[in-house]
Amino acid sequence: MESAYTYQPLPDPANSIRLLSIEPGWPSDPIRVSITNISNLDQSPPYQALSYVWGSVQNPVMIECDGEPMEITRNLATALVALRQLPADGDPATNGVAVMEESHILHSKHRAWKGIARNRNEIEIVRSRRANGDPPLFWIDALCINQRNIQECAEQVKLMRRLYTTASTVCIWLGSELIIPEAPESKLRTSRIDLAFGRTRLAELDPMAVVLSFFAQALRNSDRVKFDEYGLPEVDLLGFPSQKSPEYKIFGAFFNQAYFHRVWIVQEAVLAQEAKVLVGPWEFDWKPFAEAVHILDAGNLRNPFTLQLRVTGVVSEESSSGVDIPSALYLCQIQRLPGRKENLFPLLNKSRTRKATKDSDHVFAVLGLAGDVANADELSQKLVAVDYEKPVAQVFRDATWFIILSHATLRPLAAAEFWEDRRIPDCPSWVPIWSEPRRTSGIDYELFNTDAGQKLRMEKSENSNQLKVFGYSFESITSITGGLVDEKAPIRTEDELIEWHYPPRQEEIDFVKSAWILTTDFYQSLLNGSSSAMITTQDLTSQLCVPTCYASDEGVFRAFVRTCTLSAQTTEASLDDRGNESEDMIDSAEAWFQQSLGWASHPASLITKVWHTIRDKWYPGAGMLFQASLLRSCMGRKFFLTTGGFMGIGPASMRPDDLVVVILGVTVPFIVRKTGTQESPSYILIGECYVNGIMDGELVQAQQRAGKEAELFTFI
């Protein structure tokens, strides 16, 4: 966007700011603003900060800034109109203000949201919006930072935490109206019965009235929230409409707004001492909103599902589009942390699904919330210093180095996924692309002990793009199925699915069927003595053999189920509840196989198969536990067998002859691809994987018993 406005240089860009005042006006009046330099942020007059989405640069709006023309985005223009005072003189009603009298049906005095939300056109509030003295001051990034000065932008970004914590109020602008998906008008129309009793459906009046009613009802459930055995909140929500109600589409549209999915707004909303949310003429307080979001999450309102059950020949179907609250929930969760800070790694990992105009902002936008960055020494802080002239690949690499060196951890490697079509191809394979969402759900890092508790070992490299670490190689990949890809169920965050469904779709049935055929063919040849896999495995892994449970059809089936659900190995001697959970999973998998692949598809006894058949008539949902775990574990992944017959689940980008390795200091194994020369080999990190039989440190322990030293792997 073009602008004739000339900014006066800041005396000290690392400590100075600009503040903006908006000339009072009626809704249709031109927008006029004035900008003032403040030499020291710590001595600035009171101001409010705007948190918003810039919006499209198409069709900009021309405003007047200190008498000079300036172009701004249309979304910012609507925010300025909403924030400016009304003139002291003149009749609001005749000048474009839709004044809401106290008798209006949506006036806050008559509604459940009284005390937490209001319409800014309510007659009492209109009076308070009239100009009376000097207009208030605002800090707005697009106007208060010279966007054409890269150095100033970098310095001002470093001030973000102070800017938003110092502001008296942060105004969160969600737009001039709530855009809702199309729904049949008849479904939102007030019924004849309600009309007869003088009731009106809120959706007919204003979609924001529906949203505010949901929040108000959630707060009414606050005293009913309990905590389960794991300390997680749960509540059976009362007073909410059926999940088939079209009002849920309106409520879902609120959380689907672009604001909640931008990376910059995280610190802007989290750091506010006081905040209010504005949507068109509506305004509500942030604190009760945050509490309501927590309650809705405890009520499991966010999980979408499609469930179809057949009971005694009658098919019933239930479904819910869910409400996409995790993005907003994340803001509310950080606010509860001590100092409203979190370490850089979880901040980067959880912000990967958010949007930013510049890829580098996926790092720069969260630095103000990173407690480990704030407490790091000067040398470490230089790794993540805001520098828009630094290539994106280097920004991501240096942020990863900061995490590795500051915390002596290789955990970021488990967040890396190598794909041939990566948008940043020059990024090292071991560095996560922090601006791209994961294509798979993360393997539970805390559940496994593949490295047998060994500390990480690294070797210094002169090349910052190389990572030299020690570990043990296992076996090569010999057989692979196609990947489980379902466009209807993409991954939303690191551990959530957009949709959970049952019964399984054909994609899931085909995936499991092909993986099971691959497995049974291999082990039948092994049990019949026509395979040398056992000998090969012993040679490669220093006496590490295929687990003894593989010696029977039932044992192979159990191992297969554990692999497809990324489950930990359990034994009858387990001291926790995982043994029972494992048996529940096996039972569910048998039911899933029998329903989806037929009577003879699994090796259970005849009595068990008869039991599954009978139970299916009365409770046809026995396979749901396996289905849910399968979706979470295998979506975006492939099933494979190693040269020795070990089963595994790995990245969809893996190939035959790729290698399984265990890296010391990381609790999950990896698929890697050898490159370079025989004399100086290097490796591409493809991604984390699961291999049944080595997840509890068996490989490392076997190698150490054999006196073998860890190998050096150079990742590029």
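Predicted model: local features only at pLDDT ≥ 70, side-chain atom pairs only at ≥ 80, totals over all residues.

Helix α9, which covers residues 207–220, and helix α12, which covers residues 286–298, have axes that come within 8 Å and cross at roughly 70°. Angles of 65 to 115 degrees count as roughly perpendicular, and α9 and α12 are therefore roughly perpendicular to each other. On the α9 side the contact is made by F215, A218 and L219, while α12 contributes P288, F289, E291, A292, I295 and L296. Sorted by class, the residues in this contact of α9 with α12 are eight nonpolar, no polar and one charged.

Another helix, α10, spans residues 247–255, and eight of its nine residues are buried, so α10 is largely enclosed by the rest of the structure. Those buried residues are E247, Y248, I250, F251, G252, A253, F254 and F255.

From helices we turn to charged side chains. Side chains of opposite charge can pair when their charged atoms come close. Searching the whole structure for salt bridges gives 28 of them, and a few can be followed individually.

One of them joins the side chains of E688 and R438, with an N to O distance of 2.9 Å. Because E688 lies in strand β24 (residues 681–688) and R438 in the loop between α18 (392–407) and β15 (458–459), the pair ties together parts that are 250 residues apart in sequence. How accessible are the two partners, E688 and R438? E688 has a relative accessibility of 4% and therefore counts as buried, and R438, at 10%, also counts as buried.

The salt bridge between R615 and D587 has an N to O distance of 3.0 Å between the side chains. It links distant parts of the chain, with R615 in helix α23 (residues 606–618) and D587 in helix α22 (residues 578–597), 28 residues apart. Here R615 is buried, with a relative accessible area of 16%, whereas D587, at 25% relative accessibility, counts as partly exposed.

A further salt bridge is formed by E23 with R32, and the closest N and O atoms of that pair are 3.7 Å apart. E23 counts as partly exposed at 41% relative accessibility, and R32 is partly exposed as well, with a relative accessible area of 31%. Elsewhere, R118, R120, E283 and D285 are linked in a network of salt bridges.

Two loop residues complete the tour. N692 is found in the loop between β25 (690–691) and α25 (698–705). With a relative accessibility of 2%, N692 counts as buried, and its side chain makes a polar contact of 3.3 Å with the side chain of Y690.

The other loop residue is A131, located between α2 (123–128) and β7 (137–139). Which residues does A131 contact, once its neighbours within four places in sequence are left aside? They are P24, Q85, L86, P87 and A88.

Definitions and conventions:
Residues numbered from 1 in each chain as written. Heavy atoms only, no water. Axes fitted to C-alpha atoms, helices over the stretch in contact; angles between N-to-C directions. Helix = DSSP H or I, 4+ residues; strand = E, 2+ residues; numbered from the N terminus. Parallel < 35°, antiparallel > 145°, perpendicular 65-115°, else oblique. Contact = heavy atoms within 4.5 Å. Nonpolar A, V, L, I, M, F, W, Y, C, P; charged D, E, K, R; others polar. Buried < 20%, exposed > 50% of the residue type's maximum accessible area, 1.4 Å probe, protein only. Polar contact = N/O pair within 3.5 Å; in protein donor to acceptor, adjacent residues only side chain to side chain. Salt bridge = Lys/Arg side-chain N within 4 Å of Asp/Glu carboxyl O.
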